[in-house]
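Me: I'd like to learn how to read a few features of a protein model. Could you take me through them one by one?

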Amino acid sequence: MFDMVKIGRTIARLRKEKGFTQMELADRMGISYQAISNWERGETMPDISKLPQLADIFGVSIDRILESSKGTQIIQTIVEDKTSEFLQANEVSVEEFASIAPILKSAQVDEVFGHIKNKFKPKDIQSIAPFVSEEVIDEVALQAFESEGIGALSPIAPFMSDEAIDECARKAYESEGIGALSPIAPFMSDEAIDECARKAYESEGIGALSPIAPFMSDEAIDECARKACESEGIAALAPIAPFMSDEAIDECARKAYESEGIGALSPIAPFMSDEAIDECARKAYESEGIGALAPIAPFMSDEAIDECARKAYENEGIGALSPIAPFMSIDAIDECARKACEREGLGALAPILPFMDRERIDAWVREGIRHMS
């Protein structure tokens with residue numbers, strides 16, 4: 001790679017030797033003085049089209065500005081329109097080409113690359129991909145895909161066209177299955193990834209979508225999820241639940257609750273909305289009692305769990321709260337505990353003591369001792 005800082009210092013030294021200010025040099029070259037300043041600070045390099053003019057103004061060769069190397073020889077031949085002849089007579093490595101690519105125009109990069117492309121593997125293309133045309137990237141990618149498979153495209157996928165990456169992805173899906181798409185899924189079009197995903201669901205089931213679920217559209221993943229819920233039950237959704245829409249997951253959860261009961265919601269409870277989980281929980285409490293809430297209590301809202309707990313205490317006593325006491329609010333558990341203590345004494349609090357506020361327990365004990373004395 002070119003040492004931009006060193007080149008910048010050379011430009012600054014040559015400018016000063018000629019007695020030019022940055023502004024004067026910029027005026028001579030028809031560019032802004034900020035461009036000159038950026039060159040001299042080593043932040044950017046002169047465009048290749050400016051190098052002959054810069055060398056002429058300073059009365060030096062391009063080699064003097066860029067330092068003599070194979071890279072500067074290539075640049076000189078490009079400036080002189082002798083690229084083809086030079087490349088036929090000289091070997092140029094991938095590293096040498098990568099070092100000059102940033103200052104070449106896209107057409108020039110393509111021309112040089114066309115002469116040496118057989119030396120490049122997809123991983124090598126990554127270093128020059130930002131400078132090569134999309135057409136060239138696609139050509140190399142399709143060749144790599146045919147010879148090495150879809151995994152070879154990972155380094156250059158961000159630079160491929162949508163059409164080329166989708167074409168390779170569809171072929172890879174047909175020959176290797178949906179899992180093969182993981183390395184390039186972030187770069188596929190929504191249309192292509194949804195198409196492959198729907199096919200994979202129909203042939204392999206909802207679990208096959210896990211590797212690409214983060215890249216599917218909401219519409220496609222919800223469609224597959226609803227079908228899976230109908231045919232396999234709510235538990236089948238666990239691998240893709242994090243990627244489903246709130247609307248779809250709540251819809252499936254409500255149906256599962258009605259057909260299978262509250263326990264069926266455990267695998268997807270972390271992904272349900274507060275509204276949906278509280279709704280199902282309240283229904284479950286009314287029909288099955290407080291114990292039925294244990295599997296989903298960690299995901300209920302404080303308001304809903306305290307509401308059910310207060311009702312359970314009034315109907316069944318303090319012992320009924322044991323399964324959900326870890327999830328109740330301090331205020332609710334103390335309220336129920338105080339009532340139980342007043343009605344049944346401190347001994348009644350044993351099932352929920354671990355979840356009560358220690359200072360309040362001590363205060364109640366002192367009050368009880370004073371009352372006894």
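Reply: Let's begin with how the helices get their names. Helices (H or I, at least four residues) and strands (E, at least two) are DSSP runs, numbered from the N terminus. Keep in mind that this is a predicted model, where local features need pLDDT of at least 70, side-chain atom pairs count only at pLDDT 80 or more, and totals for chains, interfaces and linings use all residues. Residues are numbered from 1 along each chain as its sequence is written, and side-chain values use heavy atoms, with hydrogens and water left out.

Me: Where does Gly 319 lie, then?

Reply: In the loop between α17 (302–316) and α18 (330–344). The C-alpha atoms of Gly 319 and Pro 186 are separated by 53 Å, and the two residues are 133 apart along the chain.

Me: Is Gly 319 buried or exposed, or partly exposed?

Reply: Start with the cut-offs: buried means under 20% relative accessible area, exposed over 50%, and partly exposed in between (1.4 Å probe, protein chains only). The areas themselves come from the Shrake-Rupley method. Gly 319 has 40% relative accessibility, so it counts as partly exposed.

Me: Which residues of helix α4 are buried?

Reply: In α4 (residues 51–58) they are Leu 51, Leu 54, Ala 55, Ile 57 and Phe 58. Looking down the axis of α4, you find these buried residues within an arc of 160 degrees, so they line one face of the helix. That arc is taken from the directions from the helix axis to the C-beta atoms. Just after α4 comes Gly 59, with a positive phi of about 70 degrees.

Me: How many salt bridges are there?

Reply: The rule asks for a side-chain nitrogen of Lys or Arg within 4 Å of a carboxyl oxygen of Asp or Glu. By that rule the count comes to 23. One of them joins Arg 15 and Glu 40, whose closest N and O atoms are 2.5 Å apart. Arg 15 is in helix α1 (residues 4–18) and Glu 40 in helix α3 (residues 33–40), so the pair ties together parts 25 residues apart in sequence. Arg 15 is buried at 9% relative accessible area, and Glu 40 is buried too, at 13%.

Me: What about Glu 174 and Lys 199?

Reply: They also form a salt bridge, with 3.4 Å between the closest N and O atoms. This pair links distant parts of the chain, 25 residues apart: Glu 174 is in helix α12 and Lys 199 in helix α13 (residues 190–204). Glu 174 is exposed at 54%, whereas Lys 199 is partly exposed at 38%.

Me: Which side chain meets Glu 279 in a salt bridge?

Reply: That of Arg 254, at 3.0 Å from N to O. Glu 279 sits in helix α16 (residues 274–288) and Arg 254 in helix α15 (residues 246–260), so here too the pair ties together parts 25 residues apart in sequence. Glu 279 is partly exposed at 28%, as is Arg 254 at 27%. For a network, look at Arg 310, Glu 314, Glu 335, Lys 339 and Arg 343, which are joined by salt bridges that share partners.

Me: Which residues form the negative surface patch?

Reply: Patch residues have over 30% relative accessible area and no salt bridge; like charges are joined within 9 Å, nonpolar side chains (Val, Leu, Ile, Met, Phe, Trp, Tyr) within 5 Å. Asp and Glu count as negative. Here the members are Glu 134, Glu 135, Asp 162 and Glu 163. Helices α11 (134–148) and α12 (162–176) each give two or more residues to the patch. Asp 162, found in α12, is partly exposed at 46% relative accessibility.

Key: Accessible areas come from the Shrake-Rupley method with a 1.4 Å probe; for residues, only the protein chains shown count as cover. The place of a charge is taken as NZ of Lys, CZ of Arg, CG of Asp or CD of Glu.
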